[in-house]
Structures are given as C-alpha cells and as structure tokens.
Amino acid sequence: MRIMRAAFASAFNDDDPLAALTVGDRPEPEQPDDWVTVEVRASSLNHHDLWSLRGVGLSAERLPMILGCDAAGVDPAGNDVVVYPLVADPGDPRGASILSEHYQGTFAERVAVPRGNLLPKPAGLSFTDAACLPTAWLTAYRMLTTKGRVDSADAVLVQGAGGGVATAAVVLAVALGKRVYATSRDAAKRERIAQLGATALEPGARLPERVDVVIETVGAATFDHSLKSAAPGARIVVSGATAGHEPKVNLRRVFAMQLEIVGTSMGTPDELAALLRLCAERDIRPVVDDVYGFSEVTAAFARLHSGDVFGKVVLDHTR
C-alpha cells in the first residue's frame, strides 16, 4: 500500500474547525475501474473545506476524509490536466458529489478520479492558476453564462465581492465586456474591486442603473438590494448564502418586474472546458490571495478561516 502526505478531516468541530484538521500520512486512494491517479501539482481551498471540518455535508462514518475539491496535476501518461471535481454518486440526492464528500479529495500528493474527469490544462495557465478554476470560478462562469444569460445583458451586479465566487464573477463579467457593479463592506476590498474594472459600492448603495444579472452569494443581508437593483426581466442567480439563507422576498416586485430567481451550484465538464478556453484565449488569470507550499497547509486554512481573503488561497504541492 502506497502512503502519501495529506490534509484531512479527522473529526468535526463546529466552534473551531481548524482543530479538526490533521496533516499526516494516508493510504493512496483506491482506483476503481476506469479511474486514474493524478499527481497533484496545485490545489486551492474553498469554504466547502471549512464546512467539512464543521461536519456539514460530511458524515462521521466517512472520516478520515482527505479534503479539497480543486486540483491540477499530471496524469499517468504525463499530460498536464485539470480535475473536474464532481463524481456521479447514485447515493446522493443530487446525483453527484464533490470530491471530499464521498470520495477522497485533492489535498494530497495524489488523487484518484474517473478518467472522464480530466481536462487538458491549457499551456498558458500555470498549475496554481488552473487549480483555482474547477469550483469557485466554474460556479461563477455558470452563474453568468448558462443561468444568467449574460450575453444578452449590459450590466451586472456582484454582491459581496472578495470571496472566491464573487471575485471570479467580477473578473469574468468585466472580461466579457459588461458594466459591472460590485459591493463589499470592506473599503480595502472595494479599492481592489475597482482595480479589477468594476464600479465598487458599499452594500445597499443605489446603482446608477438597474442591472440585467445579479450574482448573489451573500443571501439575506443583500437580497432586498438585489431585488431593488434588478431591471425588468433580470436574472438573480444564487449560489450561496453566507449571510443568511432565509431572506424576506417582496413577491410583488418579483412578478411586477418579471424577475427570475435562479439557483445553481458548480457546473458541467463542458462548462469547465469552456472556462479554460476563455481564460487561455482572453489571458484571464484568477485572482489569488496567496500561495502556500503544501507543507504550510495549516496556515493556508487559517488564512481562509480569517475571512480576510481576496480571491483564492492556493496550495503549491511542489513545495
């Protein structure tokens, strides 16, 4: 049995999720038929990893569970690849689960995935850049394109920019030529948002115009503002609720303005391939908060847990 270094959930701790994180040796994951093992070169953290340490979406009988959804690396044939993180799972009501829920995750020297989950890494993208894309950036891309139909939009509002999905949405919407408004409670983050090409605003601020697409990951704290900022026929696309999952919704505004409130999560392999092409062709690069060597994985988790990040926290598995 091959042993590898990994970062995994060994317990659950809702009050102090970092206390449930263990870094140590684990057996290499099993490789069923038509699965392949990827040598991980880079991975990136998501809030999903902190929720797992709290016991959300992960059951005790699956512990210890190697964490991590995102990875880029090298396949057995020596090809540079990006890992699509959703795996078909008949036992899950969604029909699929993300790596680190039922199947071992990417915060390790190696990860096993179905062969069909590997996409070629564009030559122009580094491993650390590519590792940012499969979860947060794919979610943002799907929110804008498939669900938000941004091609027919002129203006986009992104609520709560600073986190992985929202910051990705700002960069992608700007790259697609849209007028982008983005909110943040943090003045320093608003300054950085403006540097990305968006008009940065305080939460709840009146926009110069109503927008056609709203990217909503905050929830109750911003949802009324999202409704009031939406143009007739606008799409409010929801992929998270970091500040409350039960907002009050003015249904008269919804039907009078013919608004669409659409939920989404993640994306398809074809959408990830399209996102990779877009990043390569338009020279789009993920916003990275910081890169840590894999030996510093505990510090990387502490950085994400601090809530002070702007963009993605990345692990470089080569150091």
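**View 1. Salt bridges across the predicted model.** The count comes to 20 salt bridges, each a side-chain nitrogen of Lys or Arg within 4 Å of a carboxyl oxygen of Asp or Glu. This is a predicted model: local features need pLDDT of at least 70, side-chain atom pairs count only at pLDDT 80 or more, and totals for chains, interfaces and linings use all residues. Residues are numbered from 1 along each chain as its sequence is written, and side-chain values use heavy atoms, with hydrogens and water left out. One network of salt bridges links Arg2, Glu28, Glu109 and Arg110.

**View 2. The salt bridge of Asp129 and Arg285.** The closest N and O atoms of this pair are 3.8 Å apart. Asp129 sits in helix H2 (residues 127-130), while Arg285 belongs to the loop between helix H8 (269-282) and strand S17 (288-293), so the pair ties together parts that are 156 residues apart in sequence. Helices (H or I, at least four residues) and strands (E, at least two) are DSSP runs, numbered from the N terminus. Asp129 counts as buried, at 15% relative accessibility. Arg285 is partly exposed, at 27%. Buried means under 20% relative accessible area, exposed over 50%, partly exposed in between (1.4 Å probe, protein chains only).

**View 3. The salt bridge of Glu271 and Arg142.** Here the closest N and O atoms are 2.9 Å apart. Glu271 lies in helix H8 and Arg142 in helix H3, so the pair ties together parts that are 129 residues apart in sequence. Both Glu271 and Arg142 are buried.

**View 4. An open sheet of 6 strands.** The order is S13-S12-S11-S14-S15-S16, and the pairing is parallel. Two strands pair if DSSP finds at least two bridges between them. Strand S13 (199-201) and S16 stand at the edges with a single partner strand each, so one side of each has no neighbour in the sheet. Strands S11 (residues 155-158) and S12 (residues 179-183) pair over 4 bridges. Val156 stands opposite Val180 in S12. Helix H3 (residues 133-147) packs on the sheet, touching S11, S14 (211-216), S15 (230-238) and S16. Contact means heavy atoms within 4.5 Å.

**View 5. A nonpolar surface patch.** Val249, Leu251, Phe255 and Ile261 make this patch of about 400 Å². Patch residues have over 30% relative accessible area and no salt bridge; like charges are joined within 9 Å, nonpolar side chains (Val, Leu, Ile, Met, Phe, Trp, Tyr) within 5 Å. Accessible areas come from the Shrake-Rupley method with a 1.4 Å probe; for residues, only the protein chains shown count as cover. Ile261 lies in strand S16 (residues 260-263). Ile261 is partly exposed, with a relative accessible area of 41%.

Conventions
Axes fitted to C-alpha atoms, helices over the stretch in contact; angles between N-to-C directions.
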